[in-house]
Amino acid sequence: MNKFFKAMFCVTFFSIATRALGFLLKIYLSRELDSALLGSYQVAMSIFGVLMTLVSSGIPVVLSRNVSYFHGKNDKKSIGSTVSSGLILTGVICTLVSLIVIFCPQLMNKIFTSNASTQMLMILLPALIFSSIYEVLRGALWGEKQFFAISFTEFIEQVVRIIAIVILFETTFLNMSLTNKTALSLSIGCIVSTLIVIAIFFKRGGKLYSPKPQFVSLIKTSSPITAVRTVSSAVSSIIAIIIPIKLMDFGFSSTEALSEFGIIMGMTFPLLMIPATLNSSLAVTMIPSISEQSNNIDNGELKNTAILKSKINFSLRTTVVFSSILMPLFLALGEPICLFIFKNAKAGIYLSIASACMIPLGISQITSSILNAIGLEMKSLKNYVVSAALLFVCIFFLPKYLGTYALILGYFLMSATSSVLNIMMLAKRKLVSFTFVKTILIMLAITLFSALPAYFIYNLLSDYFVVALFVSSAIVVASTILLILVFNVADFKMVLFRKSRHKNAKA
């Protein structure tokens, strides 16, 4: 377990650094682009996300699972065959998608609300092509538990992108719009990170073998995961199109509708997704070890039920803590935080309300990863489709009554439903002990006890905005951490004790 926590610390460190740089980039963009341009950029990125998911979503996940399984058996030939299969599959899909985008611009113009978004998508094609290679090799490194290599590469990609975007924005040697320059910076970052991961893969002794032994198996097992992730990305894209249209139907101008969408997706949701960094780190380090215990649980491929159950329940409890650790801060101080960072108070109002989504979003994220890790891809797909239906009901029928808040309600219902259905799948196989429910109740109590004092202190000192924000933020963060330690949520004390005992034993 000590080795696991070292790996998780490494992944978390680089993930936080990478996300922090990404967040600074979002702040920079929110100030350089007005909210309407930001909304147009979010629309283009949502379509790019669908294409990226279609090209290389399920394949890297299954590839990492299979590589982890073959790595445990020291079967290097099967690993090389799996990687070759992945490269061929992503290459074929990427080629087809790129040809459609290049030769059918009219189709893209019909999907988007402006030609500018189509131009951005064209500029993002190099990012799509190189990322398809990157994701396959990253999946292979992930399966072999090379966490430092993949985390470092993602960090470098973000650094390169930031350097590129600052140079592009601050110079005039390219006659391009700011949104096109933003898209170009992503392509540059993806090209660099792909070249780095290729070098790492082959330097570590990676080899490619005939894809024939693993080709059909990879298609069969990756298709459900690709489907669920493509549907997920498609949901985001449809939202990006529907929400502005629905808002315009109820009195908003085109600019106002894009502005509202830009605020919630470009400002509120990036903050809301900060805990996803910790949850992703947990998944990256935990999923290969879960796959080692069971590559397909319904086919009887199970090494040790007790170990598998322990890992799953630890993941659930830890995810609840990671997901809710910022809830008190956002609930109490959402408006002043967004006013300070984005100079937009409305984003903060959305943030305070949307903080209720954080726990179900986290549980949905980790349980979907667990289901995929133990060979239940189809179950995960079905659960997502059912839960996504609730989101569509909200965004189709509720903007008339709730405006943009309909999107927040939809995300809450979707993630909560997905979480419940996924947990039911695990419970059916007796892999859940439901101790995480106690963790949820404790974290909700901690949220209330930490948020209320901070809220009152901020209002008491509100005449001194910066002082009030930093003092109240310090209070809410300190009280949250203190209460987590006092109640020993997710056995963090036990982890510290084990490490201490291990050091004493060595001495």
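# Exercises on helix packing and burial

In this predicted model, helices H20 and H21 pass each other in a right-handed crossing. A crossing is right-handed if the near helix is turned clockwise from the far one by less than a right angle, and left-handed if anticlockwise. The model is predicted, with residues numbered from 1 along each chain as its sequence is written; local features need pLDDT of at least 70, side-chain atom pairs count only at pLDDT 80 or more, and totals for chains, interfaces and linings use all residues. Side-chain values use heavy atoms, with hydrogens and water left out.

## Exercise 1. The chain as a whole

Describe the secondary structure of the protein chain and its share of buried residues.

Step 1. The protein chain has 22 helices and 0 strands. Both are DSSP runs numbered from the N terminus (helices: H or I, at least four residues; strands: E, at least two).

Step 2. Of the 507 residues in the protein chain, 54% are buried. Buried means under 20% relative accessible area, exposed over 50%, and partly exposed in between (1.4 Å probe, protein chains only).

Step 3. Consider the contacts between residues at least 6 apart in sequence: 81% of them join residues at least 24 apart. A contact means heavy atoms within 4.5 Å.

## Exercise 2. The largest nonpolar core

State how many residues the largest nonpolar core has, and find the helix that gives the most to this core.

Step 1. The largest nonpolar core has 135 residues. Such a core is a set of buried Ala, Val, Leu, Ile, Met, Phe, Trp, Tyr and Cys residues joined through side-chain atoms within 4.5 Å.

Step 2. Leu128, Ile239, Leu271, Ile290 and Leu407 have the most contacts inside the largest core. Helix H11 (residues 254–272) gives the most to this core, namely 10 residues.

Step 3. Take Ile290 as an example: beyond its neighbours within four places in sequence, Ile290 is in contact with Leu308, Lys311, Ile312, Ile370, Ala373 and Ile374.

## Exercise 3. Helices H20 and H21

Determine whether H20 and H21 are roughly parallel or roughly antiparallel to each other, and classify the residues of their contact.

Step 1. The axes of H20 and H21 come within 9 Å and cross at roughly 160°. Axes are lines fitted to C-alpha atoms, for helices over the stretch in contact, and angles run from 0 to 180 degrees between N-to-C directions.

Step 2. H20 and H21 are therefore roughly antiparallel to each other. The cut-offs are under 35 degrees for roughly parallel, over 145 for roughly antiparallel, 65 to 115 for roughly perpendicular, and oblique for the rest.

Step 3. Residues of H20 in the contact include Met443, Ile446 and Phe449, which meet residues of H21 including Phe465, Ala468 and Leu469. By class, this contact of H20 with H21 has 15 nonpolar, 4 polar and no charged residues. Ala, Val, Leu, Ile, Met, Phe, Trp, Tyr, Cys and Pro count as nonpolar, Asp, Glu, Lys and Arg as charged, and the others, Gly among them, as polar.

Step 4. Leu469 is found in helix H21 (residues 465–486) and is buried, at 5% relative accessibility. Apart from residues up to four places away in sequence, Leu469 touches Leu333, Pro336, Ile337, Phe340 and Tyr458.

## Exercise 4. Helices H14 and H20

Work out how H14 is oriented relative to H20.

Step 1. Helix H14 (residues 327–341) and helix H20 (residues 435–460) have axes that come within 7 Å and cross at roughly 30°. This makes H14 roughly parallel to H20.

Step 2. The crossing of H14 with H20 is right-handed. Among the residues making the contact are Met327, Pro328 and Leu331 of H14 and Leu444, Ile446 and Thr447 of H20.

## Exercise 5. Helices H7 and H9

Step 1. Helix H7 (residues 125–143) and helix H9 (residues 178–203) pack at about 35°, their axes being 8 Å apart.

Step 2. The contact involves, among others, Phe130 and Arg138 of H7 and Cys190 and Phe201 of H9. Its classes are 15 nonpolar, 4 polar and 1 charged residues.
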